[in-house]
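Visitor: I have just opened this entry and would like to know how its descriptions are reached. Could you walk me through them?
Guide: Gladly; let us bring up the structure.

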Amino acid sequence: MIGTYQHQIIGNIVFEDQKNGVTGYLDIGEVKGKPKDYFKGRVEQHGSVVCEKIYGSYMGYADFDGERYQDIR
């Protein structure tokens, strides 16, 4: 039997910088109507939202509050 191996990362990830009080939240694979490589999230500092909308695809790009910070195209 021949097939294609596939590995996907999905779920919720929390990044924490305790020294600076910064926490980032990403939900991967839970963007309605998009493939499983899309993500959404936000960044908080000391409990206040400092980046309201993170959006993109780990296969292509990442936008932070509408500004593109990464684009592999």
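**A walk along the sheet**

Visitor: What makes Tyr 58 partly exposed?
Guide: First, please keep in mind that this is a predicted model. Tyr 58 has a relative accessible area of 33%. Buried means under 20% and exposed means over 50%, with partly exposed in between, so Tyr 58, at 33%, is called partly exposed.

Visitor: Where does Tyr 58 lie?
Guide: Tyr 58 belongs to the loop between E4 and strand E5 (61-64).

Visitor: Which residues make the nonpolar surface patch?
Guide: Ile 9, Tyr 58 and Met 59 make it, and the patch covers about 300 Å². Members of a patch need over 30% relative accessible area; Tyr 58, with its 33%, passes that cut-off.

Visitor: What is the order of the strands in the open sheet?
Guide: The 6 strands follow the order E1-E2-E3-E4-E5-E6, and their pairing is antiparallel.

Visitor: Why is one side of E1 and of E6 left without a neighbour in the sheet?
Guide: Strand E1 (11-17) and strand E6 (67-71) are at the edges, and each has a single partner strand, so one side of each has no neighbour in the sheet. From one strand to the next, the twist averages 20°.

Visitor: How do you know that E3 and E4 pair?
Guide: Two strands pair if there are at least two bridges between them. Strand E3 (residues 38-45) and strand E4 (residues 48-57) have 7 bridges, so they count as a pair, in the antiparallel sense.

Visitor: How many bridges join E5 to E6?
Guide: There are 4 bridges, with the strands antiparallel. At least two are needed, so E5 and E6 also count as a pair. Ala 62 has Gln 70 in E6 opposite.

Visitor: Which residues take a positive phi in the hairpins?
Guide: In the hairpin of E3 and E4, with 2 residues between the strands, His 46 has a positive phi near 50°. In the hairpin of E5 and E6, also with 2 residues between the strands, Asp 65 has a positive phi near 50°.

Key
Residues are numbered from 1 along each chain as its sequence is written. This is a predicted model: local features need pLDDT of at least 70, side-chain atom pairs count only at pLDDT 80 or more; totals for chains, interfaces and linings use all residues. Side-chain values use heavy atoms; hydrogens and water are left out. Axes are lines fitted to C-alpha atoms, for helices over the stretch in contact, and angles run from 0 to 180 degrees between N-to-C directions. Patches are made of residues with over 30% relative accessible area and no salt bridge: like charges are joined within 9 Å, nonpolar side chains (Val, Leu, Ile, Met, Phe, Trp, Tyr) within 5 Å. Accessible areas come from the Shrake-Rupley method with a 1.4 Å probe; for residues, only the protein chains shown count as cover. A salt bridge is a side-chain nitrogen of Lys or Arg within 4 Å of a carboxyl oxygen of Asp or Glu. Buried means under 20% relative accessible area, exposed over 50%, partly exposed in between (1.4 Å probe, protein chains only).
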